[in-house]
Amino acid sequence: MSKIDTALSLNRRHVLVAACAASLLGTSGLAMAADEAPEAFIQRITNDTLNAIKADKALRTGDINKVMQLVDTQLMPHVNFRRMTALATGPAWRKATPEQQKRLQEEFKVLLVRTYSGALSQITDQVVVVKPLRAGQEDKNLVVNTEVRGKGDPIQLDYRLEKTPGQGSGWMIFDLNVLGVWLIENYRNQFTKEINAGGIDALIASLAARNKSNAKAT
């Protein structure tokens, strides 16, 4: 069990934060992102996330099909998921075939969605407050800090962004900090053990088995 998984099992309130972090289900208004400040970008998509969940009973009850649909239509335009998966996989990513890379991304996405979808029912009156951006950061590795405020103590949540290149550039998320642990670092430790034991195919098989087990549990 990962550090994040352990923390989630110990405190349901923190599961909510993980859901907000893992889903980041903002609207797909990419045109808006061209001249958008990183703080405004995070504020917009997190507000849209909470509003979408509060307005949809199926999402609040953790309906996995609805969550997956929301992820595909609203999350993926804002996340460099290929980079996220590559960083979590480590050096073995470069040796993987295109098909293996595709399978890894698919299974990793399902794992994240199923891990955090149950928290959606916990969302009630929470709001996200974005903190001022720290000076001197580079566009390729910029961190935006936020607080999730509601009942109980505020909880810090951090997002690592990159500036997309070219005309009409905006921001893409490629890592996030949940409960003090960066997601990529957390999963990279797990993935490295699987890869060392049996290679990329063993990692894919392990993720698929976890997803199958999680599906039966729900």
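In the predicted model, strand β2 (residues 142-149) is largely enclosed by the rest of the structure, because 7 of its 8 residues are buried, that is, under 20% relative accessible area. On one side, β2 pairs with strand β1 (residues 127-130) in the antiparallel sense over 4 bridges, and T146 of β2 is the bridge partner of V130. Strand β2 also pairs with strand β3 (residues 155-163), again in the antiparallel sense, over 7 bridges; here L142 stands opposite L161 in β3. The hairpin of β2 and β3 has 5 residues between the strands, and within this hairpin G152 takes a positive phi near 85°.

These pairings belong to an open sheet of 5 strands, arranged in the order β1-β2-β3-β4-β5 with antiparallel pairing. Strands β1 and β5 (181-182) each have a single partner strand and stand at the edges, so one side of each is left without a neighbour in the sheet.

Two helices complete the description. Helix α3 (residues 38-54) lies across β1, β2, β3 and β4, and runs at about 175° to β1. Helix α9 (residues 183-217) comprises 35 residues, yet its end C-alpha atoms are only 23 Å apart, whereas a straight helix would reach 51 Å at 1.5 Å a residue. A bend of about 125° is found in α9 at G198.

Methods. Residues are numbered from 1 along each chain as its sequence is written. This is a predicted model: local features need pLDDT of at least 70, side-chain atom pairs count only at pLDDT 80 or more; totals for chains, interfaces and linings use all residues. Side-chain values use heavy atoms; hydrogens and water are left out. The expected span of a helix is 1.5 Å times one less than its number of residues. The bend at a residue is the angle between axes fitted to the seven residues ending there and the seven starting there. Buried means under 20% relative accessible area, exposed over 50%, partly exposed in between (1.4 Å probe, protein chains only). Two strands pair if DSSP finds at least two bridges between them. Contact means heavy atoms within 4.5 Å. Axes are lines fitted to C-alpha atoms, for helices over the stretch in contact, and angles run from 0 to 180 degrees between N-to-C directions.
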